[in-house]
Amino acid sequence: MRPRSPGLLLLLLCGLRAEIQEEEVRAMVGSDVWLSCIYPKGNSFDLNDLYVYWQISVPGKRNTNSVVTYYLSGNSSAGHGDNHYKGRARLSLDGMKQGNFSLHLHNVTPQDEQKFNCLVFRKSLELEKILEVTVTLNVAANYSMPVVSGPSQDEEFIFTCTSTNGYPRPNVYWINKTDNSLLDDTLQNSTVSLNARGLYNVVSVLRIGRSPTVDVGCCIENVLLHQNLTSGQTETFTGTKDSITEDPVDDTQDAVNRPVLSVLAVLVVAVAMAVATGWLCRSRCPYGSYAGAQAARPELELTGDSRARGCLVPQQIPSRGHFQTMRDTACQRIRAC
């Protein structure tokens, strides 16, 4: 009679020993992963002759295992023992016929970071254990780029660094960017907490004394991924101890505008000088009141009956050539101005 419970059957078989193989696998949260369990001799197998189990240890319970998935001789498909893996853990029937008992795990979560044990027995060999493999699954998730805010304008500088949705638990460092040295751990207070997804969120607060120049950065280290993320922006502040101000905004645009303003100023000055010069010339050499021409103009006197009538009678009328000479002389002097 064959036991119907996979857990009971596994308990009966646990005393049988085979050489244990060990492997280690890393997977990102949300990805799919194959946990390898392959019979090394390359035999072909009859599914009716096999008992296959994948199990994990129950956290907090020593020597207690939970079945992830299994295949029992005579079954047409694999079953699941742990609801957490239902629909996510799968064995390939075709693969098992060729000695490949690997577990395909879909949509990895942080809770999957376990040691998975693969156990294979043959019914024809009086339930002898022919294969045992232990696969350690390490789960990782990238932290978000750390963001630093601050400082607050109190008696001391207070910076806050935040980073979210990473795994495993990180190391947090504050660095002095002027020489890339690590700041004393006693200056910081870091809080690491698990969120609803089972991933870690980090909040780290740095307190340092006020100083003329402060240039700090926050670093989040993911040991499993060999990854160090440093805050992208440089937190630089300059000033005196009594009045610390943030570094001025980039003045590149002002540097571009300065030559344009200089050229405009020169043009304005040049135009102003030209206008002033023209005005002086017009003041010195007015076209309508040239002194030389007026001096040559004949005087008019009142004579005889003309005085009585109030009429002006010229004593002498200049010739046409005389007027031509006067006009040429005036034009030459105007050009000289």
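Trainee: Which side chain does Y167 reach with a polar contact?
Mentor: The side chain of E113, and the polar contact is 3.3 Å. Keep in mind that this is a predicted model.

Trainee: Where does Y167 sit in the fold?
Mentor: In the loop between β11, residues 156-166, and β12, residues 171-176.

Trainee: Is Y167 buried or exposed?
Mentor: Buried: its relative accessible area is 10%, and the cut-off for buried is under 20%.

Trainee: What else is Y167 in contact with, leaving aside neighbours within four places in sequence?
Mentor: E113 is on that list, and so are P110, V139, A140, A141, Y143, G198, L199, Y200 and N222.

Trainee: How far is A140 from Y167, in sequence and in space?
Mentor: They are 27 residues apart in sequence, and their C-alpha atoms are 4.9 Å apart.

Trainee: N222 was on the contact list too. Which residue stands opposite N222?
Mentor: Q227 in β17. N222 itself belongs to β16, which covers residues 213-222.

Trainee: Why is β16 described as largely enclosed by the rest of the structure?
Mentor: Because nine of its 10 residues are buried.

Trainee: What are the pairings of β16?
Mentor: β12 and β16 run antiparallel and are joined by six bridges. In that pairing, V172 stands opposite I220. β16 also pairs with β17, residues 227-230, in the antiparallel sense over four bridges.

Trainee: What about the turn in the hairpin of β16 and β17?
Mentor: There are four residues between the strands, and H226 has a positive phi near 50 degrees.

Trainee: Back to β11. What is the strand order in the sheet with β11?
Mentor: It is an open sheet of four strands, ordered β10-β11-β15-β14, and the pairing is antiparallel. The edges are β10, residues 147-149, and β14, residues 188-194, each of which pairs on one side only. From one strand to the next, the twist averages 15 degrees.

Trainee: How many bridges are there between β10 and β11?
Mentor: Three, with the strands paired in the antiparallel sense. S149 stands opposite T160 in β11.

Trainee: Different topic. What is the order of the open sheet of three strands?
Mentor: β2-β7-β6, with antiparallel pairing. Its edge strands are β2, residues 33-35, and β6, residues 89-91, and each pairs on one side only. The twist there averages 30 degrees from one strand to the next.

Trainee: How are β6 and β7 joined?
Mentor: By three bridges, with the two strands running antiparallel; β7 covers residues 103-105. L91 stands opposite L103 in β7.

Trainee: Now the whole chain. How many helices and strands does the protein chain have?
Mentor: Six helices and 21 strands.

Trainee: What share of the residues counts as buried?
Mentor: Of the 337 residues, 34%.

Trainee: And what share of the contacts comes from residues 24 or more positions apart?
Mentor: They account for 60% of the contacts with a separation of 6 or more.

Key: Residues are numbered from 1 along each chain as its sequence is written. This is a predicted model: local features need pLDDT of at least 70, side-chain atom pairs count only at pLDDT 80 or more; totals for chains, interfaces and linings use all residues. Side-chain values use heavy atoms; hydrogens and water are left out. Buried means under 20% relative accessible area, exposed over 50%, partly exposed in between (1.4 Å probe, protein chains only). Contact means heavy atoms within 4.5 Å. A polar contact is a pair of N or O atoms within 3.5 Å; within protein, one must be able to donate a hydrogen and the other to accept it, and residues adjacent in sequence count only if both atoms are side-chain atoms. Two strands pair if DSSP finds at least two bridges between them. Axes are lines fitted to C-alpha atoms, for helices over the stretch in contact, and angles run from 0 to 180 degrees between N-to-C directions.
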